[in-house]
Amino acid sequence: MLKVLLLGAGTMGSVHARAYKSLGNVELIGIVDRQEAKAGKLSANTSAKVFTSYEEAVAKLNAIDVIDICLPTHLHKEYVMKSIGIARNIICEKPLGLNVTEAGDMIAACEKNNVRLFVGHVVRFFPEYKRIQSLLKKGSIGTPAVVRTTRGGAFPRAWKNWYGDFEKSGGLILDLLIHDFDFLRACFGNVERVYAKKLNREDAVGENIDYALVTIRFHSGVIAHAEGTWAHQGFSYGIEIAGTKGIIDYNSAKNAPLKHRSKGKKMDGAAVEVPESPLASSPYRDELKHFIDCIVNGKDPVVTAYDALHAIEIAMAALTSCETGQPVTLSTGELTRGNEI
Ligand SMILES: NC(=O)c1ccc[n+]([C@@H]2O[C@H](COP(=O)([O-])OP(=O)(O)OC[C@H]3O[C@@H](n4cnc5c(N)ncnc54)[C@H](O)[C@@H]3O)[C@@H](O)[C@H]2O)c1
């Protein structure tokens, strides 16, 4: 039975807690949140103890196997570093850090101390996206050439509106589009060049609205156009891939098997819209189940910490392009360590 300490009882902490409760080989032993009531709510039907600080939790708990970090992004590095020496396994929500340096430092520190670091790039676990990857692998649409992705919904509501503070969240491009950057890179390999446009940062933050278009050229020759929005209502995501022998087309808004929206009901669940199908197994559960399996059986994860770092590299290039108005060519070198594609 792996003993898990969960940091953060907000939107993602709730999703992770639900997943752990459903996994047989995991015991949620502690939940930390500055807001005690939130952690208390998640601890229902578990033996998890509730704490309002990480320090208190590690002082009172012993033998923690996994620390799972579901805190706002600007706190990821601090808590990954603190967790080294306490647990041999760390699961961290995406994006791993606010920039490439932060992510690189976390990976290096974990490697040096023999700590396994897993990053929650959950799109890899969405059944539609898994199917797309296998169709591409089989050559079902010939040679892929042009790709269009879309992702987004309403501006996320969270603790102290930290998504609205660019210094804490990195905004839409780092926080949301990173999902597509990681998935596209998993499908089409390393990125050569990025060009991006977004709403003015000040406008976006002031009004709690954001929108971005990012064009990516891969070394393989594939061109992708990724749309990200925190300006719509109702979360949806989609992808179209045109190849020499056909096209793959998926849009969650068209294809979701069941939608449930109750008018007038006070929203009590996730404040960031977390997509899920009531008919399928939750991709978040599948992701955590996979990470736990990797820990128990010494397997390599399908998405590595280096993948997470590369996705941040693409996001940083997009942000630089937005600021300069110029395309950004990605450097290879230091970043081409680890599980290269
Ligand atoms: N994989 C996905 O699909 C997905 C979706 C949403 C969010 N995320 C990521 O998950 C992370 C968390 O986002 P969220 O939407 O759950 O945020 P949130 O604001 O809903 O939750 C954060 C929680 O952390 C608590 N907190 C803040 N500082 C703390 C501290 N020092 N010690 C203890 N508790 C503290 C807050 O009280 C809050 O309850 C972010 O990195 C975000 O980018 C991932």
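## A parallel pair of strands

Strand β7 (residues 144-152) and strand β10 (residues 223-229) run parallel and are joined by seven bridges. Within this pair, Val-146 stands opposite Ile-223 of β10. Strands here are DSSP runs of E with at least two residues, helices are runs of H or I with at least four residues, and both are numbered from the N terminus. Two strands count as paired if DSSP finds at least two bridges between them.

The model is predicted: local features need pLDDT of at least 70, side-chain atom pairs count only at pLDDT 80 or more, and totals for chains, interfaces and linings use all residues. Residue numbers start from 1 along each chain as its sequence is written.

## The sheet and its helices

The open sheet has seven strands in the order β12-β11-β7-β10-β9-β8-β13, with mixed pairing. Its edge strands, β12 (246-251) and β13 (328-329), each pair on one side only.

Helix α9 (residues 178-188) lies across β7, β8 (191-198), β9 (211-218) and β10, at about 160 degrees to β7. Helix α13 (residues 305-324) also packs on the sheet, where it touches β8, β9 and β13, and its direction makes about 50 degrees with that of β8. Contact requires C-beta atoms, placed from the backbone, within 7 Å; axes are lines fitted to C-alpha atoms, for helices over the stretch in contact, with angles from 0 to 180 degrees between N-to-C directions.

## Around the ligand

The ligand lies between domain 1 (2-120) and domain 2 (123-336), because both give residues to the shell around it. The domain bounds come from an automatic or database domain assignment.

Technical notes:
Contact = placed C-beta atoms within 7 Å.
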